[in-house]
Amino acid sequence: MTVPSVNWNYPTAIKAGPGRVKELPEWCRELGMTRPLLVTDPGLASLPMVANAVQACNQAGLACAVFHEIKGNPTGRNVEDGVVAYQQGGHDGVIAFGGGSALDAAKAIALMVGQDRPLWDFEDIGDNYQRVNVAGMAPVVAVPTTAGTGSEVGRASVITDEAAEVKRIIFHARMLPAIVILDAELTLGLPPRITAATGMDALSHNLEAYCSPFFHPMAAGIAIEGMRMIKEYLPQVVADGSNVQARQQMLVASTMGATAFQRGLGAMHALAHPLGALYDAHHGMLNAILMPYVLKANQHAVAPRLEALARYLDLPDTGPGAVLDWVLRLREAVGIPHTLADIGIDEGQVERVGRMASVDPSGAANPVNFTADDYSQLLRASIRGNL
């Protein structure tokens, strides 16, 4: 089946279709770039896809350079180093190229190149966003290479403050990249484990947005369709990573998840953020493992919504536990571990993580108002495998 190339403009300009990364120089020029800085991670920096993108830009007359000093959970220092590289190279725009870590770092770099305040002054608290010098921000073209975070359509970056051992959300509406290229061919080399973890991350965004108590019916509609697409296509891409059609659909479902979570996230992310900061664990894998434990704890508060979701997903049962059962089956099918202990997380910092989760902004949209002790109990269950 031929996968079509399509353009749409929600929530930003999206250029979707296999092979469309070849248009990168065109879209850089559209935003006025002549010397873009391509921001990616060390793993991708050595791969042909990055070399090809840089070569295409250079052949089109764009003086493109690469910055790749980014950790799996990007840090404030990574952002600072990227700003230095941008300024020393005389760049005039950013190409955010990679998975969620690279995209988040790239967006933060594009924000910070024109600011005279430190990064943490723009944490998503109160009206801190009003401190941003918007005129100093650099334009961004985003090119995701994983189907998970949806950071390409996000208005924020999650950056680790290593000194405080906490993840902070840096926010400004203009951090939304101006142009996004969704090219499934860039995801073909992802191994099954990363494909599964990132795909489950996309599911977590859609599911938490759908369960949020806040009124945003457009986001709810996007979220429920995103979950239907993930139900259909995630098992396919894990089983056959060369399936371009399924890969393209997963990229779209990932973008939908990050569009939908304008409605809010929840306890999965409230726990995943401190766990990522303290254990440097993969964000998507954390959400994938936490998902059924959080879903069960929230189930009584969103039972009618989950029953509607079960009907939409055409699950064999539509009772209150149907979605939880499906999540468990899906996790097993794509090879997600059942417990946090399976990825090396123990109970040594359970109380600390509970306190951190209770003040994480993501928890504000959870359908149940969990206390620090509630979060600690959830974490223990996720470590021990007690459902």
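Which residues line the largest cavity? They are Leu207, Glu208, Cys211, Leu265, Gly266, Met268, Val294, Leu295, Asn298, Asn366 and Pro367. This is a predicted model, in which local features need pLDDT of at least 70, side-chain atom pairs count only at pLDDT 80 or more, and totals for chains, interfaces and linings use all residues. Residues are numbered from 1 along each chain as its sequence is written, and side-chain values use heavy atoms, with hydrogens and water left out.

A cavity is a set of points, on a 1 Å grid over the protein atoms alone, where a 1.4 Å probe fits but cannot get out; lining residues have an atom within 4 Å of a point. Points are joined across faces, edges and corners, and a volume is the space filled by probe spheres set on them. The whole structure holds three cavities of 30 Å³ or more.

Nonpolar means Ala, Val, Leu, Ile, Met, Phe, Trp, Tyr, Cys and Pro; charged means Asp, Glu, Lys and Arg; the others, Gly among them, are polar.

| Cavity | Volume | Lining by class |
|---|---|---|
| Largest | about 70 Å³ | seven nonpolar, three polar, one charged |

Helices are DSSP runs (H or I, at least four residues), numbered from the N terminus. Helix 6 (192-211) and helix 10 (283-298) each supply at least two lining residues to the largest cavity.

The second largest cavity is lined by Ala147, Thr187, Leu190, Thr195, Thr198, Gly199, Leu234, Val237, Arg247 and Met250. Helix 6, helix 7 (217-239) and helix 8 (244-260) each give two or more of that lining. Helix 6 gives the most, with three residues.

Notes
1 Å grid on protein atoms, 1.4 Å probe; cavity = no way out; pocket = protein on both sides within 12 Å on 5 of 7 lines; lining within 4 Å.
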